[in-house]
Amino acid sequence: MTAMLKAVPGTNDIFAQAKEYPFREPVFRYIIQTAEEVLRGAGAQMIHTPIFEYLEVLQKGVGLTSDIVVKKEMYILEDRGGRVLGLRPEPTASIVRAYNQHGMKVWPQPVRLFTWGPIFRAERHQKGRYKQFHQVDYEALGLSDPLLDAEAIALMVRIYKTLGLKNLEVKLGSVGDPEDRTRYNLYLRELFRPHAERLSEDSRVRLEANPMRILDSKSEQDQQIVAELQVKPMLEFLGDASRSFHERVCQYLTQLGIAFTVDPSIVRGLDYYVRTAWEVHHAQIGAKSALGGGGRYDGLSEMLGGPQVPGVGFGIGIERVAIALEQEGVAIPPDPSPTLYLAPLDEAAKIEALALAEQLRPKVYVELGYTPKSPRKALEEALKKGARYVGFLGEGERARGVITLKHLESGEQTELEPLQLHSLFEGPDPK
Ligand code: HAM
């Protein structure tokens, strides 16, 4: 006998009754719908890009020194023509690719797009970190103005707050312009090289490829070296242009009344960032506390062979937000319960019940008791489903051309002809 097949560890089925809270579909839907309302309300348009792309788009997007590439976290596939594809490890590169491919540069700028969907990273999975997870993503393209950075942060914070989250921390930094980073990297290499032997294996690779990433290494030993060496933060290496840009983002956020801390240690794991970079953390969810992150990526379009297109955006980790909602005990709006539970009492009533249900839907939320059952069993079912009414259809009802309707709260029971039933449900919400 074949053993029962299961999903890949680190991937999850999302459905209402899922055991673990972050995978309950109503929680998921609540996060996505809330984000969608906030983002549409700010004029952003929904876009869906394919979940796989030519590997080049994805690799050039995240950058050759990012963990995603260095640690081989990308799922790579080959199609039948031998073309190498990848499952998206983040959606920003795909959205910039779509912007260029569809000539959005000639639209009024900025073009503001958002999406949500699955993201794939072959990471070691644990609570809050999965191989397939989901993000809400927002991108504002075509204008290099700190106002857009401030707006993106404000929208992101508003999504969390509208969801009901309180213990948020916005950590804002700047990774400077490429030339600032060249200077900073020189400084870091000189500083760390004499200690290379003591660095973790990953950080020894980073020392040459992207030394800034040593600063957010997960290794304790690396962190100890960083502390010992009293490493100067990137912020001290900003040139005039990136410094004044950063100051303006800070000033706008203050004017908007958004609480944030300037965190010089914000590095971000993707190579495309320039200038503004931020993360939103949650105090209660421990090590995997980043609920989302974002930043500016003015050079990304050119890396993908497109024109110069500045951009700024963010990604929100849906599962992480769900964990935070559970921690804070935020009540999720309950799914509506049926107005009517319609139960056939015998075989012949099955199709009649379905026909009646179809006539009443979609105005009325009708659930069907598919298999004939006794009125007592039907009542139990209706109560379990939280229905307002239970309707019985059996031999007697058929003979009299009625259905028996019972209001579950008052216990009141009447016989109604189909027309009366329609008019009961056609008026204002029948209580
Ligand atoms: P990111 O920081 O790599 O940024 O991911 C955004 C968020 O996705 C994280 O803060 C976290 O909440 C969630 N996340 C990341 N990896 C996992 C995982 N393995 N399991 C569960 N959740 C995870 C980006 O992806 C950028 N594209 C954001 C962006 C958009 N920057 C500019 N525009």
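How many nonpolar, polar and charged residues does the shell around the ligand have? By class, there are nine nonpolar, ten polar and eight charged residues. The model is predicted.

**The ligand and its shell**

- The ligand is surrounded by 27 residues. The closest are Glu90, Glu123, Glu139, Tyr273 and Ala290.
- The side chain of Arg121 places an N or O atom 2.9 Å from an oxygen atom of the ligand.
- Gly292 takes part through its backbone: one of its polar backbone atoms is 3.3 Å from an oxygen atom of the ligand.
- Gly313 also uses a polar backbone atom, which is 3.4 Å from a nitrogen atom of the ligand.
- On its own, the ligand has 670 Å² of accessible area, and the protein covers 95% of that.
- Strand E10 supplies the largest share of the shell, with six residues.

**The five-strand sheet**

- Five strands form an open sheet with mixed pairing. Their order is E13-E12-E14-E15-E16.
- Strands of a sheet pair through backbone hydrogen bonds, and this pairing can be parallel or antiparallel.
- Strand E13 (366-368) and strand E16 (413-416) stand at the edges. Each has a single partner strand, so one side of each is left without a neighbour in the sheet.
- From one strand to the next, the twist averages 25 degrees.
- Strand E14 (residues 389-393) and strand E15 (residues 403-407) run antiparallel and are joined by four bridges.
- Within this pair, Gly391 stands opposite Leu405 in E15.

**Helices on the five-strand sheet**

- Helix H12 (residues 349-360) packs on the sheet. H12 touches strand E12 (340-344), E13, E14 and E15.
- The direction of H12 makes about 160 degrees with that of E12.
- Helix H13 (residues 375-384) packs on the sheet as well, touching E12, E14 and E15.
- The direction of H13 makes about 150 degrees with that of E14.

**The three-strand sheet**

- Another open sheet has three strands in the order E2-E4-E3. Its pairing is antiparallel.
- Strand E2 (52-54) and strand E3 (76-78) are the edge strands, and each pairs on one side only.
- Here the twist averages 35 degrees from one strand to the next.
- Three bridges link E2 to strand E4 (residues 84-87) in the antiparallel sense.
- Tyr54 stands opposite Leu85 in E4.
- Helix H2 (residues 55-62) lies across E2, E3 and E4. H2 runs at about 90 degrees to E2.

**Backbone details in loops**

- The peptide bond from Gln109 to Pro110 is cis, with omega near 0 degrees. Pro110 sits in the loop between helix H4 (92-101) and strand E5 (111-120).
- The bond from Arg361 to Pro362 is a cis peptide bond too, again with omega near 0 degrees. Pro362 belongs to the loop between H12 and E13.
- Gln230 is not a glycine, yet its phi is positive, at about 45 degrees. Gln230 lies in the loop between helix H8 (220-228) and helix H9 (240-256).

Technical notes. Residues numbered from 1 in each chain as written. Predicted model: local features only at pLDDT ≥ 70, side-chain atom pairs only at ≥ 80, totals over all residues. Heavy atoms only, no water. Near = heavy atom within 4 Å. Polar contact = N/O pair within 3.5 Å; in protein donor to acceptor, adjacent residues only side chain to side chain. Areas by Shrake-Rupley, 256 points an atom, 1.4 Å probe, with all protein chains shown as cover. Helix = DSSP H or I, 4+ residues; strand = E, 2+ residues; numbered from the N terminus. Nonpolar A, V, L, I, M, F, W, Y, C, P; charged D, E, K, R; others polar. Pairing = 2+ DSSP bridges. Axes fitted to C-alpha atoms, helices over the stretch in contact; angles between N-to-C directions. Contact = heavy atoms within 4.5 Å.
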